[in-house]
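This report describes selected features of one protein model. It treats helix packing, the nonpolar core and a loop residue in turn.

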Amino acid sequence: MYTILCNMKGSRQLSVEDSHLKTIDRYSLFSDLLDSNGIVEENVLEKLRLNVRGLLSNDKPDSDLLDLCEHIIFHNDMKAFGLHQLILLFIDWKKEQIEALKTSQRDD
């Protein structure tokens with residue numbers, strides 16, 4: 001489990017589980033999310049939320065996606081700063097996954 005800060009003061013935090021990061025990866029939720037400037041603002045968070053709403057509109061939404069929405073994306077404490085922290089966490093997590101895969105392939 002990981003913890004991200006949701007504001008600069010550090011008074012608001014969210015717990016992020018591996019399953020949340022896997023769901024972000026599975027649905028490629030961060031692909032094409034940021035503009036070329038790379039700045040995470042409230043409109044980027046709204047864009048993510050709209051994209052997720054589109055995924056949820058199918059007949060049988062994935063329970064992992066629902067959990068991610070409830071605990072992270074649509075959480076009251078999630079703001080642009082928190083999304084930026086989540087993106088940074090995801091990048092680090094993804095690098096770790098790739099390194100672990102490379103290591104396991106070398107061991108085989």
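## Packing of α1 and α3

Helix axes are lines fitted to C-alpha atoms over the stretch in contact, and the angle between two axes, from 0 to 180 degrees, is taken between their N-to-C directions. In this predicted model, the axes of α1 and α3 cross at roughly 115° and come within 9 Å. The crossing is left-handed. On the α1 side the contact is made by H20, T23, I24 and R26, and on the α3 side by D64, L65, D67, L68, H71 and I72.

## The two faces of α3

Which residues of α3 are buried? They are L65, L68, C69, I72 and I73. These residues lie on the same side of α3, because they cover an arc of only 110° around the axis. In general, an α-helix has 3.6 residues a turn, so residues three or four places apart point the same way.

The face of α3 turned away from the buried side carries S63 and E70, which are exposed. At the N-terminal end, α3 is capped by D62, with a side-chain oxygen of D62 placed 2.7 Å from the backbone nitrogen of D64.

## The nonpolar core

The largest nonpolar core comprises 27 residues, and L29, F30, L83 and L86 are those with the most contacts inside it. At least two core residues come from each of β2 (13-16), α1 (18-26), α2 (42-56), α3 (63-73) and α4 (80-107). The greatest contribution is that of α4, which gives seven residues. In soluble globular proteins, nonpolar side chains tend to be buried together.

L83, among the residues with the most contacts inside this core, illustrates the packing. When residues up to four places away in sequence are not counted, L83 touches F30, L33, V40, V44, L45, L48 and M78.

## N7 in the loop between β1 and β2

N7 lies in the loop that runs between β1 (2-5) and β2. Is this residue buried or exposed? N7 has a relative accessible area of 17% and is therefore buried, the cut-off being under 20%.

Polar partners of the N7 side chain include both backbone and side-chain atoms. A polar atom of this side chain lies 2.9 Å from the backbone nitrogen of G10, and the side chain of N7 also makes a polar contact of 2.8 Å with the side chain of S11. Beyond its neighbours within four places in sequence, N7 is in contact with R12 and F81.

Key:
Residues are numbered from 1 along each chain as its sequence is written. This is a predicted model: local features need pLDDT of at least 70, side-chain atom pairs count only at pLDDT 80 or more; totals for chains, interfaces and linings use all residues. Side-chain values use heavy atoms; hydrogens and water are left out. A nonpolar core is a set of buried Ala, Val, Leu, Ile, Met, Phe, Trp, Tyr and Cys residues joined through side-chain atoms within 4.5 Å. Buried means under 20% relative accessible area, exposed over 50%, partly exposed in between (1.4 Å probe, protein chains only). Helices (H or I, at least four residues) and strands (E, at least two) are DSSP runs, numbered from the N terminus. Contact means heavy atoms within 4.5 Å. The arc is that of the directions from the helix axis to the C-beta atoms. A polar contact is a pair of N or O atoms within 3.5 Å; within protein, one must be able to donate a hydrogen and the other to accept it, and residues adjacent in sequence count only if both atoms are side-chain atoms. A crossing is left-handed if the near helix is turned anticlockwise from the far one by less than a right angle, and right-handed if clockwise.
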